[in-house]
Amino acid sequence: MSKICVLGLGYIGLPTALLFANNGHEVVGVDVNRRVVDILKTGKMPFEEKGFQELLDSALEKKAFRAESFVEEADVFLVAVPTPFDSEMRMADLKYVISACEMIVPHLRKGNLVIIESTIPPKTCDRQVKQILENSGLKMCEDFCVSHCPERAIPGNTLHEMVYNDRVIGGVNEKSTQLTADLYSSFVKGDLHLTTSTTAEMIKLMENTSRDVNIALANEFAQIADDYGINVWEAIEIANKHPRVNILKPGPGVGGHCIAIDPWFLTENANNSSLIMMSRQINDSMPQYVLKMVKKMVAGIENPTITVFGVAYKGDIADTRATPAKKFIKLAEKEGCKVKIYDPFVREWCYPIMGLEEAVEGSDCIVVLTDHSEFREMDPRELYGKMPGLNIFDSRNVINEELWGKAGFNVRNIGKK
Ligand code: SAJ
């Protein structure tokens with residue numbers, strides 16, 4: 001059993017802390033946000049996801065977890081704080097990782113292990129993390145160990161993926177790697193892949209960058225298909241029957257805190273990254289493309305009212321971080337459109353979220369921007385008599401087109417004539 005001090009009780013740090021607590025370790029979770037600590041002290045989760053509350057209940061029952069505002073001595077320190085994107089410099093902003101490491105310094109002892117789960121650019125463990133932790137007077141490798149163990153869980157299915165996904169574990173030396181692997185094997189059921197810290201840093205960024213580049217390719221295919229009048233969704237489905245082809249889905253752009261950001265972390269110090277940068281540009285331009293298509297549908301209507309279906313960055317979650325919906329709405333408003341929003345998952349956002357009826361009342365066109373399951377099953381007859389213009393643009397290919405067509409709607413889709 002180890003005593004683990006987890007710094008950062010967000011979407012990744014908190015479930016990780018609770019998994020360790022439920023699997024034989026004593027865990028102290030630390031967050032600088034007093035509200036998070038206070039909520040946890042009452043036995044409640046500060047945010048919701050499948051299985052989180054049950055995991056907290058059982059950790060508390062075992063007396064294996066407590067939330068605190070200050071770091072304390074431990075065998076292992078695990079850093080799971082956000083790494084924001086510095087949009088001005090177009091590079092990783094390490095301020096939270098740096099301040100977490102600084103908080104560890106007064107408590108660092110010989111034999112400790114420090115694990116960084118936060119996403120970091122290559123060489124961060126070897127350079128910044130080492131430099132800060134050595135302010136303790138101890139030497140990395142000789143006196144304490146450091147490793148990078150990037151999180152890879154998908155929001156919406158975090159717990160399952162934390163347990164069953166393979167993990168990448170990269171230490172600054174072999175001892176660091178081995179100690180970290182032993183620790184994670186207490187709850188990870190996937191394989192543990194052992195490497196160096198710098199390679200692990202690169203792997204995490206490569207994974208998300210490859211997804212971004214592949215989505216850009218799908219988005220470019222969709223635009224080419226529009227030019228030729230081809231159904232890109234059918235084309236992708238058939239192309240993917242090839243044993244070595246796996247094209248992703250086009251859409252209104254890439255949101256979330258990872259896929260659209262990690263390519264910048266990977267390339268911040270690179271000489272050649274033109275393919276990656278071009279992909280970023282394509283994905284970032286998708287809201288404009290969707291708006292262009294929507295404007296064709298409402299051509300002739302002065303100051304049309306548009307109803308956005310879904311502002312979460314992807315389906316069946318309430319997360320709106322870096323959602324492409326925001327850019328779409330801003331651009332649409334600039335073009336004189338009135339925008340109303342319906343999202344069955346998102347309660348509060350920077351724009352008002354309405355109930356379904358209010359959102360479609362007086363609307364000239366629905367624009368589906370998120371692939372929530374509800375839209376897949378929606379019966380358009382519910383909306384009869386509410387919309388002056390029966391138009392729907394589905395940028396996610398989720399609605400039942402036949403049903404909407406039969407209900408009198410003019411249906412358009414990205415990459416589909
Ligand atoms: N998207 C498309 N087309 C697709 C797939 C996704 O347009 O075919 C869009 C989504 O709608 C969304 C964005 O891309 O706006 C990102 O969604 P996502 O499901 O691809 O990824 P995230 O950001 O929710 O989670 C990713 C995952 N990384 C990979 O799949 C390589 C997850 O495993 C990571 O843990 C997470 O980033 C992270 O924290 O880094």
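Axes are lines fitted to C-alpha atoms, for helices over the stretch in contact, and the angle between two of them runs from 0 to 180 degrees between N-to-C directions. Keep that in mind as you work through these exercises on a predicted model.

**Exercise 1. Describe how helices H4 and H5 are arranged, and say which residues make their contact.**

Solution. 
- Step 1: Two packed helices are described by the angle between their axes and the distance between the axes.
- Step 2: Helix H4 covers residues 95-104 and helix H5 covers residues 125-133; their axes come within 8 Å and cross at roughly 30°.
- Step 3: Angles under 35 degrees count as roughly parallel, and that makes H4 roughly parallel to H5.
- Step 4: The hand of the H4 and H5 crossing is right-handed.
- Step 5: On the H4 side the contact is made by Ile-98, Cys-101, Glu-102 and Ile-104, and on the H5 side by Val-129, Ile-132 and Leu-133.
- Step 6: Sorted by class, the residues of this H4 and H5 contact are 6 nonpolar, no polar and 1 charged.

**Exercise 2. Take Leu-55 and work out where it lies and what it touches.**

Solution. 
- Step 1: Find Leu-55 in helix H3, residues 52-61.
- Step 2: Buried means under 20% relative accessible area, so Leu-55, at 14%, counts as buried.
- Step 3: Not counting residues up to four places away in sequence, Leu-55 touches Pro-15, Leu-18, Leu-19, Asn-22 and Leu-159.
- Step 4: Leu-55 and Ala-21 are 34 residues apart along the chain, yet their C-alpha atoms are separated by 9.1 Å.

**Exercise 3. Which residues have the most contacts inside the largest nonpolar core?**

Solution. 
- Step 1: This core has 40 residues, and Leu-40, Phe-65 and Tyr-184 have the most contacts inside it.
- Step 2: Its largest share, 6 residues, comes from helix H1 (residues 13-21).
- Step 3: Leaving aside neighbours within four places in sequence, Tyr-184 is in contact with residues including Phe-20, Leu-78, Ile-115 and Leu-192.
- Step 4: There is also a second, separate core of 34 residues, which includes Met-286, Met-293, Val-308 and Phe-328.

**Exercise 4. Is His-372 buried or exposed, and where is its place?**

Solution. 
- Step 1: Look in the loop between strand S13 (365-368) and helix H15 (373-377) for His-372.
- Step 2: His-372 has 0% relative accessibility, so it counts as buried.
- Step 3: Among the residues that His-372 touches, beyond those up to four places away in sequence, are Gly-310, Lys-314, Asp-316, Asp-343 and Phe-345.

**Exercise 5. What is the phi of Lys-123, and what is that of Asn-303?**

Solution. 
- Step 1: Most residues other than glycine have a negative phi.
- Step 2: Lys-123 has a positive phi near 85°; this residue is found in the loop between strand S7 (113-116) and H5.
- Step 3: Asn-303, also not a glycine, has a positive phi of about 45°, and its place is in the loop between helix H12 (286-297) and strand S11 (305-309).
- Step 4: Lys-123 counts as partly exposed at 34% relative accessibility, and Asn-303 counts as partly exposed at 49%.

Methods:
Residues numbered from 1 in each chain as written. Predicted model: local features only at pLDDT ≥ 70, side-chain atom pairs only at ≥ 80, totals over all residues. Heavy atoms only, no water. Helix = DSSP H or I, 4+ residues; strand = E, 2+ residues; numbered from the N terminus. Parallel < 35°, antiparallel > 145°, perpendicular 65-115°, else oblique. Left-handed = near helix turned anticlockwise from the far one by under 90°. Contact = heavy atoms within 4.5 Å. Nonpolar A, V, L, I, M, F, W, Y, C, P; charged D, E, K, R; others polar. Core = buried A, V, L, I, M, F, W, Y, C linked by side-chain atoms within 4.5 Å. Buried < 20%, exposed > 50% of the residue type's maximum accessible area, 1.4 Å probe, protein only.
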